[in-house]
Amino acid sequence: MNKTIRRASVFCLLMVLALLVRATWVQGYQAKALADDEHNRRNTIAQYAHPLGDIIVAGSPVTGSKGTSGGDLRYKRTYTQGELYAAVTGYSSQAYGATQLEGIYSDVLDGTDDRLKNPADLITGKQATPGNVLTTIDPGVQKAAYEALGDDKGAAVAIDPKTGRILGMVSTPSYDPSAISGTNDGDAWKKLLDDKEKPLVNRALRQPLAPGSTFKLVVAAAALENGLYGSVDEATDSPDPYTLPGTRTILRNENASAPCENATLRTALRYSCNNVFAKVAADLGQDKVKKMADAFGFDTKKLDVPVRAAESVYPTGMDKAQTALTGIGQFEVTATPLQMAMVTAALANGGELAAPHMVSSVTDGDGSPLEETGDGESERVVEERTAEQLRSAMVTVVEEGTGTNAKIAGAEVGGKTGTAQNGVDNSNTPYAWFTSYAKDDSSGKEVAVAVIVEDSGSARSEVSGNGLAAPIAQKMMKAALER
């Protein structure tokens with residue numbers, strides 16, 4: 001054989017062997033990775049080849065599917081009262097992917113989860129009948145929160161203190177996920193992205209902000225748990241006005257005539273005395289306050305409900321003056337509405353915090369459970385006596401103090417207002433906060449809520465937790481007790 005031909009033959013043989021090795025590698029080792037690749041169009045075609053499973057609220061689906069005309073994607077996602085439930089469902093878009101419950105449970109909802117398949121389906125790779133996701137959301141509480149927030153920019157969360165079930169979760173302004181569920185919704189998508197109010201951000205879970213005076217509940221708990229004061233009715237050592245340690249900066253109270261000098265914790269919560277809680281935080285020191293905050297859930301990097309909540313933060317590395325400012329929920333303290341609802345839920349539940357969650361179970365297409373989420377385990381945050389004393393002081397806030405707009409006839413209601421600074425030197429409109437609990441002894445029903453109003457369009461002088469956020473909380477609590 002000619003030398004040149006022999007070399008060419010060997011080269012061709014090596015090329016064939018290389019192709020065989022590559023094909024074997026792709027089919028044997030890379031098949032799953034390629035099949036799961038987000039750029040694989042076949043995945044999207046398979047996902048929308050059949051109607052999707054549903055997200056369920058109180059036995060009724062708040063999602064659906066409808067046929068499309070033309071193209072290779074036969075069905076697209078639809079939403080019942082999409083704006084009402086957007087903070088719960090998220091969106092499932094043929095073009096932009098899926099978020100929140102739609103994203104977390106996408107394999108169940110599109111029928112590709114292996115738990116939905118019988119042995120034959122697992123061998124053949126056949127797509128199974130989609131499953132459903134059952135939530136803990138109460139439609140009455142959800143609607144009350146959404147309607148009460150109205151045109152305000154803000155968020156609200158309601159939790160059952162005993163079980164940790166999230167009964168309501170709203171973020172406003174909201175959006176309709178149906179508007180971006182197809183492949184030709186570019187204009188609607190761009191409008192949402194360009195909107196300065198950021199409707200796609202779930203403010204209830206994903207936007208921690210300064211909690212203001214609602215954080216005083218955490219500081220009061222730390223004072224009692226660490227023995228700084230024996231009860232909420234013991235006088236504190238709190239000069240008024242209070243000069244921040246090591247500085248000449250005077251911290252004043254919103255109400256100059258309030259009896260805040262050496263006030264008890266009950267009186268300090270009732271009038272929201274800055275001098276008392278700044279002094280308490282400075283006296284305790286950042287380590288003790290942080291330990292208390294962390295017990296309530298601050299600084300938890302992986303808080304899944306099952307949607308991942310942003311971390312609420314109690315800072316470290318502070319001097320004494322900065323520590324004092326954290327005592328009134330300022331400096332670098334941040335919290336989500338979920339986090340502040342967790343604080344109140346723990347106090348309402350005798351000092352035990354039940355893990356918050358908004359999915360009760362995941363089922364196959366026939367309703368048989370694939371996973372039972374169940375009620376979360378509880379962890380003790382503060383002693384029962386501490387929780388009892390703080391509940392009593394919170395009732396005083398609602399009955400006689402800064403939270404009177406939260407009253408509900410025939411129910412025990414306790415709360416705490418907050419007005420948090422916003423912007424450099426408080427140059428922007430402050431945030432209005434309210435966190436509270438309500439109990440109906442006759443029915444045994446109870447609820448804990450947290451509300452933030454970032455912007456209501458009100459004049460700066462009219463911004464207060466009692467004026468803006470407490471009425472929203474009151475409507476949510478009332479709906480929860482009537483459910």
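A disulfide here is a pair of cysteine sulfur atoms within 2.5 Å. Keep in mind as we go that the model is predicted.

**Stop one: the disulfide.** Select C260 and C273, whose sulfur atoms lie 2.1 Å apart and form a disulfide. The count for the structure is 1 disulfide. C260 sits in the loop between strand 11 (250-251) and helix 12 (265-271), while C273 sits in the loop between helix 12 and helix 13 (274-284), so the bond ties together parts 13 residues apart in sequence. Which hand does the bond have? The disulfide is left-handed, because the torsion about the S-S bond is about -75°. Colour by accessibility and you will see that C260 is buried at 1%, and C273 is buried too, with a relative accessible area of 0%.

**Stop two: helix 13.** Stay in this area of the sequence and show the side chains of K279 and D283. They form a salt bridge, with the closest N and O atoms 2.9 Å apart. Both belong to helix 13 and are 4 residues apart, about one turn of the helix. K279 counts as buried at 13% relative accessibility, whereas D283 is partly exposed at 36%.

How many salt bridges does a search of the whole structure find? It finds 20. Pick E446 and K162 next: their side chains meet at 2.1 Å, N to O. E446 is in strand 20 (residues 446-455) and K162 is in the loop between strand 8 (153-159) and strand 9 (166-172), so this pair ties together parts 284 residues apart in sequence. Is E446 buried or exposed? E446 is buried, with a relative accessible area of 5%, but K162 is exposed at 51%. Then move to K190 and D194, where the closest N and O atoms are 2.6 Å apart. These two are 4 residues apart in helix 9 (residues 186-194), separated by about one helical turn, and both are exposed. Finally, select D54, R77 and E102, which are linked in a network of salt bridges.

**Stop four: around T89.** T89 lies in helix 4 (residues 82-89) and is buried, with a relative accessible area of 1%.

**Stop five: the nonpolar cores.** Select I166, F215, F277, F296, F298 and L338; of the 92 residues in the largest nonpolar core, these touch the most other members. Helix 16 (residues 337-348) gives this core its largest share, 9 residues. Zoom in on F296 and, beyond its sequence neighbours within four places, you will find contacts that include V218, A221, M342, L353 and V382. There is also a second, separate core of 31 residues, among them V141, L149, L167 and V449.

**Stop six: the surface.** Now show V10, L13, L14, V16, L17 and L20, which form a nonpolar surface patch with about 550 Å² of accessible area together. L20 belongs to helix 1 (residues 3-28).

**Last stop: zoom out.** The protein chain has 18 helices and 20 strands. Of its 483 residues, 51% are buried. The chain exposes about 21800 Å², with carbon and sulfur atoms supplying 48% of that area.

Key: Residues numbered from 1 in each chain as written. Predicted model: local features only at pLDDT ≥ 70, side-chain atom pairs only at ≥ 80, totals over all residues. Heavy atoms only, no water. Patch = residues over 30% accessible without salt bridge, like charges linked within 9 Å, V, L, I, M, F, W, Y side chains within 5 Å. Areas by Shrake-Rupley, 256 points an atom, 1.4 Å probe, with all protein chains shown as cover. Salt bridge = Lys/Arg side-chain N within 4 Å of Asp/Glu carboxyl O. Buried < 20%, exposed > 50% of the residue type's maximum accessible area, 1.4 Å probe, protein only. Core = buried A, V, L, I, M, F, W, Y, C linked by side-chain atoms within 4.5 Å. Contact = heavy atoms within 4.5 Å.
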